[in-house]
Amino acid sequence: MGIRVHWFALALSFPALHAHAHSAARVARAPLVARTGIARVAVRCAAKGGGTGTGGDEGARAAAGSRGGLRLLEWVPSQQLLVLTAKWVWRTLFRVMLSELAPQSDAGAYMRPTPQAGANAAPDGRWPASLPHPEPGRYHLYVGNACPWCHRAIIAGSLKGLFGSGLVGISVLLDDPQKASRGGWAFEHRTSSTAMPTEIASIWDLAIRHDPLFGAADLRGVYDGLSEGSYTGRCTAPLLVDLKDVRIVSSESAEIVRLLGALDAPSSGPRVNVAVIDLYPEALRTAIDAANEWIYTEVNNGVYQCGFATQQGAYEQAEQKLHAALERLDAMLASSKFVAGAQFTEADVRLLPTIARFDGMYATLFRCGRKTVRADYSNIHRWLCEMRALRGLGSLPLSATLDLVAAQRSYYTNLFPLNPSGIVPALPESAADGLPPP
């Protein structure tokens, strides 16, 4: 409570402080600048044509045209006090904001919330008997491009040809926390066209941009409608719903992958000359389950434990575990075409979203870049390149399931506690083999 009171008082006093700063700077600037050693050195450097390397006159003109904000160092009595106060304010605000975004342990480690709605997908990889039989127009998936947990569901549905066939509908969410409430997902439109485009270049051409159930403005509206206003948790994506029974099927990404993997598109759906894909083959289930467990803990969630850590010790521990896991994975892929063996499975589906984003977002924004996929993990990089071209029952390659540039922009602008400037860096060359448009 004390922190909140202090921030409220600071917010109320800011306009007065701002005005005082400008006034004090105008009154004190000339005599103070004249007395500072910095000013005397600057004058001598300008007279000699040194210092900035622009020449005397040019340097003076550049200095005259520059702006120093509030010029705090010219009127604040103690630079040490200014620096200490600024650090305390900045770090406290960072921890408060990040703890709202990502729950923290006492040691500053990120603690991912548990899923809030699930269907308990059958462990044998079949469609659960407790759920109505799939039929066109019954099940609908809500996803966003930037989210890796949504991406795994998109990959599963795309490989199985579910979206293009109409067996499972799909709505793409807008990642805009200013438009959304209780989360970051909103809808671009209240209604939009449901007609299939003549040319399909990406998975998003198969999606609608509104909520077909309630016409909600954001994902919270969908959760509230499905729960008759009783839902109090976080409104997360991906979200699989039953449109006919008007209920949540699951909001757990791993479970949704298993559910979608149990379906096959109708024979009239768009197909390529490939065999039916089994993402959870019986012969590999033990290997798949084992890989899923440690890859989720140390890689999928490991990058977030690095990025959302609020204390140095928690970050260092997470970063070391992450790269140890990537080295283990790279060694595995040296002798195996896919994660669980010679066949593409659910384990590859669950790993791909993290690796596709690693060099472009996690290595930089999440401080995971001691090593990168392209430069340091050659076998993972080979696997990633092969994933880009992989096709399933639909006509689109997996490279069409992610807009990497838009995803990077979302990370750098919406996760503002990690990047308060809002500046989006150029995508590094090492990320060029992520999943750009085909």
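How many helices and how many strands are there in the protein? Hi everyone, let's start there: the protein has 15 helices and five strands. Both are DSSP runs, numbered from the N terminus, with at least four residues (H or I) for a helix and at least two (E) for a strand.

A quick word on what we are looking at. This is a predicted model, where local features need pLDDT of at least 70, side-chain atom pairs count only at pLDDT 80 or more, and totals for chains, interfaces and linings use all residues. Residues are numbered from 1 along each chain as its sequence is written, and side-chain values use heavy atoms, with hydrogens and water left out.

Now the overall picture. Of the 438 residues in the protein, 44% are buried. Buried means under 20% relative accessible area, exposed means over 50%, and partly exposed is in between, using a 1.4 Å probe and protein chains only. Next, contacts, which means heavy atoms within 4.5 Å. Among contacts with a separation of 6 or more, 73% are between residues 24 or more positions apart.

Let's turn to the sheet. In what order do the five strands sit? The order is β3-β2-β1-β4-β5, in an open sheet with mixed pairing. Two strands pair if DSSP finds at least two bridges between them. At the edges are β3 (185-186) and β5 (247-250), each pairing on one side only. Helix α7 (residues 219-227) packs on this sheet and touches β1, β2 (168-175), β3, β4 and β5, and its direction makes about 40° with that of β4. For that angle, axes are lines fitted to C-alpha atoms, for helices over the stretch in contact, and angles run from 0 to 180 degrees between N-to-C directions.

Please look at β1, residues 139-144. On one side, β1 runs parallel to β2, joined by six bridges, and here Leu141 has Ile170 as its bridge partner. β1 also pairs with β4 (residues 239-242), this time in the antiparallel sense over four bridges. In that pairing, Tyr139 is partnered with Asp242, and His140 stands opposite Val241. Which way do the β1 residues point? Tyr139, Leu141 and Val143 point one way, while His140, Tyr142 and Gly144 point the other way. Six of the six residues of β1 are buried, so this strand is largely enclosed by the rest of the structure.

Moving on to β4 and β5, these strands run antiparallel with three bridges, and Val241 faces Ile248 in β5. Together they form a hairpin with four residues between them. Val246 counts as partly exposed, because its relative accessibility is 34%. Arg367 is not a glycine either, and it has a positive phi of about 60°. You'll find Arg367 in the loop between α12 and α13 (373-376). One more backbone detail: the peptide bond from Ala237 to Pro238 is cis, with omega near 5°, and Pro238 sits in the loop between α7 and β4.

Last topic: empty space. Rolling a probe the size of a water molecule over the atoms shows where such space is left. On a 1 Å grid over the protein atoms alone, a cavity is a set of points where a 1.4 Å probe fits but cannot get out; a pocket is an open set with protein on both sides within 12 Å along at least five of seven lines; and lining residues have an atom within 4 Å of a point. Grid points are joined across faces, edges and corners, and a volume is the space filled by probe spheres set on the points.

The largest pocket holds about 1,400 Å³. Its lining has 41 residues, with Leu101, Arg112, Trp185, Arg234 and Thr236 nearest the centre.

How many cavities of 30 Å³ or more are there? The count is two. Let's finish on Thr354, which is in helix α12 (residues 346-362). Thr354 counts as buried because its relative accessibility is 3%. Thr354 and Pro148 are 206 residues apart in sequence, yet their C-alpha atoms are 6.4 Å apart in space. Leaving aside neighbours within four places in sequence, Thr354 is in contact with Val299, Asn300, Val303 and Tyr362.
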